[in-house]
Amino acid sequence: MSEIGTASKATGDAVRRCPYCSAAKLRRTHTGLYHRLNSDYGPFDFYECINCGSGITFPLPSAESLNVLYQTYSDGLPAENRAAMGSDDGQVWHASCVKRIATLGHFTAPSRFSWIEAGAGAGEMARRMANAFPNSSGLAVDLHNRPADLPARVAWLQIDLNQPDFHEKIGRKADVVYATAVWEHVRQPDVFAKSMVGLLNSGGLLYLVCPNYDSLARRVFDTRWPYFTPGEHLTMPSPRGAEICLRRSFSAAKLIPAYVAARPLLLVYSLFYFANRLGLPFAGLVPRFLRLPMPAGALESVALLARDAATGR
């Protein structure tokens, strides 16, 4: 492994900094990596921030190459992954995320509130939110066209989340702003976080779920860790990195957070899907209905925007 503060003078690259904590001291942990499903997509080097423990890709793929990659996907995921998920899309963990949002926001089924989902994919989470809170108003955004089976009461906006200040293009704010399995995909996670903060109403809740680069699962499985996808999962924060990034985002937006925290999260997966992603030889023998909370190495980040002192709202 090599330790760097800046890129080689021969390359003429700018100073490489952690996008989560802004530290310039990074340690290269992997070199010459290629995408696990596309052997022509690469090579990439991966680094760990010595200050906060987050993981970062250098060099980053261009926005154009990322768009080409995602155009081959089915509503935000490789067709191979969707096939492995089974009839319920394998995303049973979305239900637990909806419950967490309900707990954090003190919402019940009759609650009236607004929400925005960034990176909605096939609409798995948006559908669950609309069904759990029928009196809520929701907007889902992503790079691709509107999923055909998204409920009509959920608005859709096609937008590239790698654009700076995408919150201005969305043009509205909400009581809950969330993104699940998105933060790791964007080229500038600090810029993304600032835009997410900018979407919050006074007293609003920000909820993010992404891979935890400081997790035991990542340390044990290394490149076989299911979330380690070179050239696609571009950066992955540690809990410390996520908290620093979110606090910096509030500060950059000239907003005051009432609460910021990041913690490891157990996500509910089907046993078959997890075994299949690990490439275990017996994966095909695992019944698809078996579902358990998994120490897969996920991270939950939560932030609350302070209420407006003048209105109390």
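Q: Is Lys-254 buried or exposed in this structure?
A: Residues count as buried under 20% relative accessible area, as exposed over 50%, and as partly exposed in between (1.4 Å probe, protein chains only). The place of Lys-254 is in the loop between helix 8 and strand 11, where helices (H or I, at least four residues) and strands (E, at least two) are DSSP runs numbered from the N terminus. With a relative accessible area of 78%, Lys-254 is therefore exposed.

Q: What kind of model is this?
A: Residues are numbered from 1 along each chain as its sequence is written, and side-chain values use heavy atoms, with hydrogens and water left out. Local features need pLDDT of at least 70, side-chain atom pairs count only at pLDDT 80 or more, and totals for chains, interfaces and linings use all residues, for this is a predicted model.

Q: What is phi of Asp-165?
A: Asp-165 is found in the loop between strand 7 and helix 5 (166-170), and it is partly exposed, with a relative accessible area of 32%. Most residues other than glycine have a negative phi. Asp-165, although not a glycine, has a positive phi, near 55°.

Q: Which strands stand at the edges of the open sheet of seven strands?
A: Two strands pair if DSSP finds at least two bridges between them. By that rule the open sheet has the order 7-6-5-8-9-12-11, with mixed pairing. Each edge strand has a single partner strand, so one side of it is left without a neighbour in the sheet, and this holds for strand 7 (154-158) and strand 11 (257-270).

Q: Which residue in strand 7 is the bridge partner of Asp-142?
A: Strand 6 (residues 137-142) and strand 7 run parallel and are joined by five bridges. In strand 7, the partner of Asp-142 is Gln-158.

Q: What is the relative accessible area of Ser-54?
A: Ser-54 is found in the loop between strand 3 (44-49) and strand 4 (55-58). Not counting residues up to four places away in sequence, Ser-54 touches residues including Tyr-20, Tyr-47, Tyr-213 and Ser-238, where contact means heavy atoms within 4.5 Å. Ser-54 is buried, with a relative accessible area of 0%.

Q: What is omega of the cis peptide bond that joins Phe-58 and Pro-59?
A: Most peptide bonds are trans. The bond from Gly-42 to Pro-43 is cis, with omega near 0°, and Pro-43 is found in the loop between strand 2 and strand 3. Pro-59 lies in the loop between strand 4 and helix 1 (63-71), and the cis bond that joins Phe-58 to Pro-59 has an omega of about -10°.
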